[in-house]
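I am opening these notes to record what I looked up, one topic at a time.

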Amino acid sequence: MNENHEGSLARALAGISAATDHEALDKVMAGLLPAYAIKSAAYMGTGITRNESEPFLAVTYSSDWVEHYKSRRYVEIDPVVHQGFRRLLPIYWNEFDSSQSDLRAFFGEAAEFGLGRHGLTIPVHGRGGDRSLFTVTSDFTDSDWLDAKFEYLRDFQMLAVHLHEKVLQLAARSLDDVKLAPRELECLQWISEGKTAWECAIILGISEKTVRCYMESVRKKLNAVSNTHAVSIAHESGLFFPRL
């Protein structure tokens, strides 16, 4: 274990707070490796960018492992991904059934590509349908890992949440070119106030069906999975406020 990790959390959080782009977050992730003596660190977020088919990634994995992972279509069997987005509690990789040949091969190859023998994944669930997984791996001995995972758990949980909030902020800035029609924005604003589609229709003097059509257009433009998600994105990106 790293005996000089005091202050690592504060430095990492400061780096996340100051990050203004994807590259800056990559540097923060890379800095976690020597700070905590870990082998890798990875963030994967979904429901964040407008291109829903492409998750937001900030990882320290080697390009060889990333390409190998994609070519073998490991996302289809990766238990970290499959369970992580449904779980609320941290996932320790030794929970998975290593007797299954496909999983044994998957984790064995991950170790060969430098990810280490142990892993910890922390899920984060946002209010608007956005979700993420923050993962760290290590090559500690079994006994050292047992100590380290509890000693560092609080740090990694805080990092996971702050990373996710920063990624949401960065994604919101990418909405500068999104233009909502005046009626779309009005409907969204009333929805944000807790009004139903029927109430919006009464307030705006249009049909409830028209309100629903406007909101469908809003969700599509913002790549939102729900009205609540759309409201969250609008608040994050400042769509409710006039741009100077």
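In which strand is T137 found? I found T137 in strand β5, where helices (H or I, at least four residues) and strands (E, at least two) are DSSP runs numbered from the N terminus. Before going further I noted that this is a predicted model, in which local features need pLDDT of at least 70 and side-chain atom pairs count only at pLDDT 80 or more, while totals for chains, interfaces and linings use all residues. Residues are numbered from 1 along each chain as its sequence is written, and side-chain values use heavy atoms, with hydrogens and water left out.

**T137.** I looked up its accessibility: T137 counts as buried because its relative accessibility is 0%, buried being under 20% relative accessible area, exposed over 50% and partly exposed in between, with a 1.4 Å probe and protein chains only. The side chain of T137 makes a polar contact of 2.5 Å with the side chain of S40, and a polar atom of the T137 side chain lies 2.3 Å from the backbone oxygen of L115. A polar contact is a pair of N or O atoms within 3.5 Å; within protein, one must be able to donate a hydrogen and the other to accept it, and residues adjacent in sequence count only if both atoms are side-chain atoms. Leaving aside neighbours within four places in sequence, I listed the contacts (heavy atoms within 4.5 Å) of T137 as I38, K39, S40, W93, L115, H118 and G119.

**L9.** I then turned to L9, which lies in helix α1 and is buried, with a relative accessible area of 11%. Not counting residues up to four places away in sequence, L9 touches Y36, R154, D155, M158 and L159. The C-alpha atoms of L9 and S138 are separated by 18 Å, the two residues being 129 residues apart along the chain.
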